Amino acid sequence: MNAPTSSASTPVSVAAGAGWASAAWVKTLKRLFARKIVLASAIVLLLIVATAVCYPLLTDADPNDMNISMRLHAPSWAHWAGNDELGRDVMVRIIFGARYSLMIGFFTALGAVVLGTLIGMLAGYFRRLDAPLMRLVDAMMAFPDILLGIALVSILGASLWNVILALTIVYTPRVARVVRASTLVLRELLFVDAAKALGVSTPMILWRHILPNLLSPVLVQVTFIFAYAILAEAGLSFLGVGVPPEIPTWGTMIAGSLEYADKAFWTILTPGIAIVLTALSLQLLGDGVRDLLDPKLKKKS
């Protein structure tokens, strides 16, 4: 009589667990988007990403299609953001360029988080590695971000992936310092001592006990570095040491139209608005995630 009861209760418990998990996610999202400014930033960011991904569905126009007769034409119903110095449709280039700008931000954030987390965990957990790794991090942070980026791109060469690599190196120290600070606290907690007493290997302690507890500060850093990378790429392209001009990122669009700013301000204004909206949305969303994950703020709420 007991066997059927036991087997019948298993799906119920699984369903209850799945329902609890979904309810927890809904509660978390409600808390995250309780502030209207965070919800608005998430919607704007979602629209920008969706526009970049769905570019082939929105238009079949070539972003590099030149029409000299339309050179520096003002915005109109046919060309919402006007035309640039070569007669190319600025709005089409902004939509297409979102792919490259977002890709630079995403891979820079991903690379900086992976490298920074590794360096920070090693420095925070192993006392002998702390001093040499942190002195290297301090030396890198002594340089302004833009100057270090210019130097690295000059050494590596101007290309899309070299810019991503350079910006990854620039922002890795930020993550490393945050992760190190958290690891210094975590390694002294009782559950780490218990794992050592049970004979758990050091790599397994780092992987199963330290790393999961670092996800909160690392997740916040992802949103900030994403925004910083988009702004930094625009700055490097503006200075002529970033992505090659033939790649239509928002930064190269501004750099290429700088000479015509007094005659056709819209060629700079519209990609500038795209950069500001994306960076601001990421920053506000990062603030919302930080407030959600901060234990001190949880106690106040």
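**Working through the model**

Tutor: Let's start with one side chain: Arg187 reaches the backbone oxygen of Tyr125 at 3.5 Å. That is a polar contact (a pair of N or O atoms within 3.5 Å; within protein, one must be able to donate a hydrogen and the other to accept it, and residues adjacent in sequence count only if both atoms are side-chain atoms). Keep in mind that this is a predicted model, where local features need pLDDT of at least 70, side-chain atom pairs count only at pLDDT 80 or more, and totals for chains, interfaces and linings use all residues. Residues are numbered from 1 along each chain as its sequence is written, and side-chain values use heavy atoms, with hydrogens and water left out.

Student: OK. Is Arg187 buried or exposed?

Tutor: Arg187 counts as buried, at 11% relative accessibility. The cut-offs are under 20% relative accessible area for buried, over 50% for exposed, and partly exposed in between (1.4 Å probe, protein chains only).

Student: And where is Arg187?

Tutor: In the loop between α7 (160–186) and α8 (190–197). Helices here are DSSP runs (H or I, at least four residues), numbered from the N terminus. Leaving aside neighbours within four places in sequence, the contacts of Arg187 (heavy atoms within 4.5 Å) include Phe126, Asp193 and Ile210.

Student: Which residues have the most contacts inside the largest nonpolar core?

Tutor: Leu167, Tyr171, Ile210, Leu214, Ile230 and Trp250, in a core of 59 residues. Helix α10 (residues 215–238) gives the largest share, 11 residues. A nonpolar core is a set of buried Ala, Val, Leu, Ile, Met, Phe, Trp, Tyr and Cys residues joined through side-chain atoms within 4.5 Å.

Student: What about Thr223?

Tutor: Thr223 sits in helix α10 and is buried, with a relative accessible area of 12%. Its side chain reaches the backbone oxygen of Val220 at 2.7 Å. Not counting residues up to four places away in sequence, Thr223 touches Leu282 and Gly286.

Student: Why is helix α11 called largely enclosed?

Tutor: Because 6 of the 8 residues of α11 (residues 250–257) are buried. Trp250 and Met253 are among them. These buried residues pack against α2 (36–53), α4 (90–125), α10 and α12 (266–293).

Student: Switching to charges: how many salt bridges does the structure hold?

Tutor: There are 10. A salt bridge is a side-chain nitrogen of Lys or Arg within 4 Å of a carboxyl oxygen of Asp or Glu. In helix α5 (residues 127–141), Asp138 and Arg135 lie 3 residues apart, about one turn of the helix, and their side chains meet at 2.9 Å, N to O. Elsewhere, salt bridges that share partners join Asp84, Glu85, Arg88 and Arg93 into one network.

Student: How far apart are the atoms when Arg88 pairs with Asp84?

Tutor: The closest N and O atoms are 2.8 Å apart. Asp84 also bridges to Arg93, at 3.8 Å. Asp84 is buried at 4% relative accessible area, and Arg93 is buried at 4% too.

Student: Last one: which residues form the nonpolar patch on the surface?

Tutor: Phe106, Phe107, Leu110, Val114 and Trp161, with about 490 Å² of accessible area together (Shrake-Rupley method, 1.4 Å probe). Such patches take residues with over 30% relative accessible area and no salt bridge, with nonpolar side chains (Val, Leu, Ile, Met, Phe, Trp, Tyr) joined within 5 Å. The largest share, 4 residues, comes from α4. Phe106 is partly exposed at 43%.

Notes: Helices (H or I, at least four residues) and strands (E, at least two) are DSSP runs, numbered from the N terminus. Patches are made of residues with over 30% relative accessible area and no salt bridge: like charges are joined within 9 Å, nonpolar side chains (Val, Leu, Ile, Met, Phe, Trp, Tyr) within 5 Å.
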